[in-house]
Amino acid sequence: MNSTVALTPKPRTSRAPLYTAKLGLGCLLVLILLALSLLTGAFDIFSGEEGREMFAISRVPRTIALVLAGAAMSMSGLVMQLITQNRFVEPSTTGTTEWAGLGLLTVLFFYPSASILFKMSAAVAFAFIGAMIFFLFLRRISLKSSLIVPIVGIMLGAVVSSVSTFFALQTDMLQSLSVWFAGSFTSIYQGQYEILWIVLGVVIAVFILADRLTLAGLGEEFSTNVGVNYRRMVLIATALIAIATGVVTVVVGSLPFLGLIVPNIVSMFRGDDLRSNLPWVCLGGIAVVTLCDILARIIIAPFEMPVSVILGVLGATVFVGLVVKGGANAR
Amino acid sequence: MITLKDVNKNYSSEVSIGPVDLEIPRGGITALVGPNGAGKSTLLTMMGRLLGIDQGAIEIAGMDITTTKSKDLAKIVSILKQENHFMTKLTVRQLVGFGRFPHSKGRLTAEDEEIISRYIDFLHLAELESRYLDELSGGQRQRAYVAMVLAQETEYVLLDEPLNNLDISHSVHMMQHLKDAAEQFNRTIIVVLHDINYAARYARYMCAMKNGKVIHMGRTEELMNNQILTDIFETPIEVISTPQGLLACYH
């Protein structure tokens, strides 16, 4: 081994540059998708006054909702994967979404007339409890196989979901349960979706805390060594995930696998430098959910399918792909 | 200087550490040696505040580790444990960059980048700096971790069995690097070592532990003694003087 330092002409920096031509291109593609989303639908928006009104009441809010929900859910997945050190977790494979649903159902039963803000708070609180329970579970089971983790999560989710179903059956709310659960942007319109802006705060917080979250992902000892409070970071991460999941579940419904597909594809191409990956995860989340939503709108037009159906098919395929690939080079 | 006063830790009913009173002087390498289960790693982990102490006090450079803020301690002491597994896909340079976190809080300045480059070069990782950690061999990865704790630029560096899983050539290189780091960068390095001959060759001080207690602490030449080593390891050990220094024979 010789000690001569390679004369690399390129500057040696630790951070991949954030703003690159590629990112610009990605932004452009997402903007085109969003424009398509604005133009897709059963109603002819170019039909004068009525069309313009429809555009403002339904299409614009729907597209904003796609952006916010897509970015927030893909980031929640990313944060959860970092904290648990497992590529297969995200709110829908760990029961967090189901907990948020149970929270919502509880409010619908006890206070049917509750405001959307109250419903949302309950969903967030339940999602937080659910995520904490999952993390506590993880501490108990030894992480011999990375696949055990999502299996435990999915089982936990199934249990919570059966509780919800039983509860709904008993109280004649089965229909509202399935409507809430089938994530769909159909019912997004002016005056109903605005609460979704809250998740913008989550997105910003993840950007600010990027390095600390990565360090927490490297483990308690690594974090402590450089002076980062590990437990506090895990708690903050859980809160961020719970807020994103709770709010999105109340406004849109469940968006299965979104947080799983996007970060994995991004990390396949770019490694795991959280800070420079974040814009990509954001864009990817928006792109995937928008594409799925456009598909959901045209596949059986003039009717619509819940976007969660399309996401489920796509997500399950990628999930199986990851498992097979992970199995091939398991340690 | 690291000072331990009446330090106790009760792991379980059978296993306990202490009471330990110890002073580790500044400068050079101090090797913690002793049989398996003597408590070397536990003591090191407590000095690095990764494990709480039940009784007593540990001071590093005059700062009490239980009352000083963790982020302030991160600027005077760094610790590397022996098992480092994570799935996060980081490049060597990104990992070493995290060593600057206590100083930069994530916003790496040009000066930080220079420091990162310095330690990457110091451990001969320049050609590997943009490779992912999971693509490296065990020895290369170990060097990357050591580069990270060195880049933290703390006066005290604690390493738990840095030679674990390294072959002879890598072990010798690693010890040479550590000795150079102690001298060139004026660091105090405390390592847990299994092989007393590495300690004999590279360490300035040796601290021998047995059953959770410190039995001897002193200059390496003093501890490299037939009687002391035989007692500690409960195996006949003979120290012979060679042109390269003292050598313990136990086969």
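**Ground rules.** I'm working with a predicted model, where local features need pLDDT of at least 70, side-chain atom pairs count only at pLDDT 80 or more, and totals for chains, interfaces and linings use all residues. Residues are numbered from 1 along each chain as written, chains are lettered from A and ligands numbered from 1 in the order written, and side-chain values use heavy atoms, without hydrogens and water.

**The sheet.** Strands (E, at least two residues) and helices (H or I, at least four) are DSSP runs numbered from the N terminus, and two strands pair if DSSP finds at least two bridges between them.

**β3(B).** I looked up its partners next. β3 (residues 28-33) runs parallel to β8 (residues 188-192) of chain B, with 5 bridges, and pairs with β9(B) in the parallel sense over 4 bridges. B:T30 has B:I190 as its bridge partner in β8(B), and B:T30 also stands opposite B:Y205 in β9(B). B:L32 sits opposite B:V192 in β8(B). I noted that 6 of the 6 residues of β3(B) are buried, so this strand is largely enclosed by the rest of the structure. Buried means under 20% relative accessible area, exposed over 50%, partly exposed in between (1.4 Å probe, protein chains only).
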